[in-house]
Amino acid sequence: MVTLIKGLFGSIPRNNGLMQAKRYSVINENYAKTLGKSWLPVGESEIRKCSIKDIPFMTTVDGTIVCIPKTPEMGMIAAIGMTGSGKTLCAGYILDNVFWNWEDKIGVINDSQEETFVWSESCDNNQFKNKLKIVDQSPCPLPMIYVLPSSDKPQEKESFLIDKNYVCCSIPFEEVINNVEYYLPDLGNSLKYLLGKKEQLLDVRTEDELFEIIDAIDTGGSGLAETRYKLRVSFLNLINEGILNISNSSIPPYLVVKTTGDKKEVYNGNPLTAIMIAGCIPSFITSNLYTQRYKDAIFSYYINCLFQESLNGIMKGKRTWLYFDELTKVVHSDPRLSSPLTEKALNNIASRGRNNGISLIYATQRYNEIPRTIRSQTKYAVIFKHKQKDETKTICDDFFLDDKSRDNILGLKKFEAIAATTEYFICYKGNKRWETNGPLKGNIIPPMHKNRFLHRV
Amino acid sequence: MNFTASYLDSKKKRIYDELGNEIFTIGYDSLRYPFKITKPCISYNILQTKETEKTPIITTIKTVKEIEDKGFILCSVPLTKSQKWTNYNTMVALFRKGSYPEHLYKRLTGLKDVAGIKVEYDEANLRIRVVGPKAGPTGEGPWLLL
């Protein structure tokens, strides 16, 4: 035990009695805080718990716990840094506490790397478990329900979905008909004939009814056969690609939430909202969606639904956080690479969401490629290591960081971060609690749930 | 074991498709997950020290001479960019006589030299400190025992 103590805290000089006594007291103090009362130093009466109402995410070198405060206006939170630096871990821990302690609703909107498949399991990394003890927490999973797009084949992900709850959902047929120019952009002149039958199409219940209506289209002149053929083939493609589903009840477009016992209906609508109302966290698995040409329309549909629910639906008055991992895969500041509909939907949330109870938590490797509207609403940034200095320029400009902080960013180690804000952080140390503008440097607190790429150590 | 199934069951909610059919890929399990599904609270431990302090009797020291008589000197300490907590470039601190390097810090000769600063003396516990916006991030300097 003496060797262990020496190893942990360095050698204790033997010829300075006072220094030795002080070090010993500090050693016992640290042990007492983690292991219990029997390690209390002489003269100390007891261990006292101080509770934290804010969301901690980092500890500094001197033991200060840095937290994000709960404010009525929800500001966006960003985790920025190169791959493998700890962004997803940091965002994951913030989501853990937002869900369990703030009791806000969370939706994972793009899980492109299928990382959330293990979030419904507890953390099993010993190093992380020890770090969680600083804030008196232990491993705890999140109640995840995975939402697979209808174009996915669940059999391909079978090994990940054992003992997990998931549902395959399709886009509602009404959504396709109301936005047919986005789902069928190549119709050309045929579009006007289709739109003429819109009211009838909205009542369709099977694929056969759909094709009957198409076959009944009359162009009143030449090109009738070509028009009907073009429309039929376009809809068949949508059905074959799994985007359109009219009659297959195993891939529902809407979900219904009811209470057990009296079976009272609580909600009927968008799957992501339904899962949140049921008390769980939906995770939209988008690993295959990026190859689809409808990804823009599909993303924007779900984001718009969630925004509308927050504005004047069942989520009004509740706080909702949408998590995006690798946000630049969804929207991009370069118009050639961006998805215009999704960007419009996210800009809506960025500009109007904070007063309507909906906001974003996102992780990205390239902050300067995030659209400006989203960057301007980002209030809190946890900045991890970057490779090159020019990558840090935009972050430093947005968060008023000086050149010294920029150099510090390049020199950060794994799981080290600099926290910056345009508002304030809350710090806890001893029995003191205070506000600070930052920036602050420290180590992140890992999540309570399991991480897919950091296994048992 | 399926944690979400156990959690959903505890929430007394069920999810169906739009026709009212159960979704077979969403399970509910009345068996409780190995640990309680309780909210993980956030707290940290500090040591509660014995009450050896007497009830403070605080007076304000009005002149620099009184500070010096007690064995302290009031100085203005420059701050670097990373140390600053407000727009001020310096802070005010107390040093024991004979302990500070004279060429490093500017010695203050009057309490009126710095606006908003006052020096408090605790007669019961025999300690002294600086209070004000330039004293520290929390507006107070540390108590120094005489």
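Predicted model: local features only at pLDDT ≥ 70, side-chain atom pairs only at ≥ 80, totals over all residues.
**Exercise 1.** Find which residue pairs with A:R354 in a salt bridge, and where in chain A the two partners lie.

*Solution.* Begin with the side chain of A:R354, which meets that of A:E73 in a salt bridge with an N to O distance of 2.9 Å. Next, locate the partners: A:R354 sits in the loop between α13 (340-352) and β12 (358-364), while A:E73 sits in the loop between β3 (65-68) and β4 (76-80), so that the pair links distant parts of the chain, 281 residues apart.

**Exercise 2.** Describe the salt bridge between A:K393 and A:D397, and state how many residues apart the partners are.

*Solution.* The closest N and O atoms of A:K393 and A:D397 are 2.8 Å apart. Both residues belong to helix α15 (residues 393-398) of chain A, where they are 4 residues apart, about one turn of the helix.

**Exercise 3.** Decide whether B:D9 and B:R14, which form a salt bridge, are buried or exposed.

*Solution.* In this salt bridge the closest N and O atoms are 3.5 Å apart. To classify the residues, recall that buried means under 20% relative accessible area. B:D9 has a relative accessible area of 14% and is therefore buried; B:R14, at 18%, also counts as buried.

Conventions:
Residues numbered from 1 in each chain as written. Chains lettered and ligands numbered in written order. Heavy atoms only, no water. Salt bridge = Lys/Arg side-chain N within 4 Å of Asp/Glu carboxyl O. Helix = DSSP H or I, 4+ residues; strand = E, 2+ residues; numbered from the N terminus. Buried < 20%, exposed > 50% of the residue type's maximum accessible area, 1.4 Å probe, protein only.
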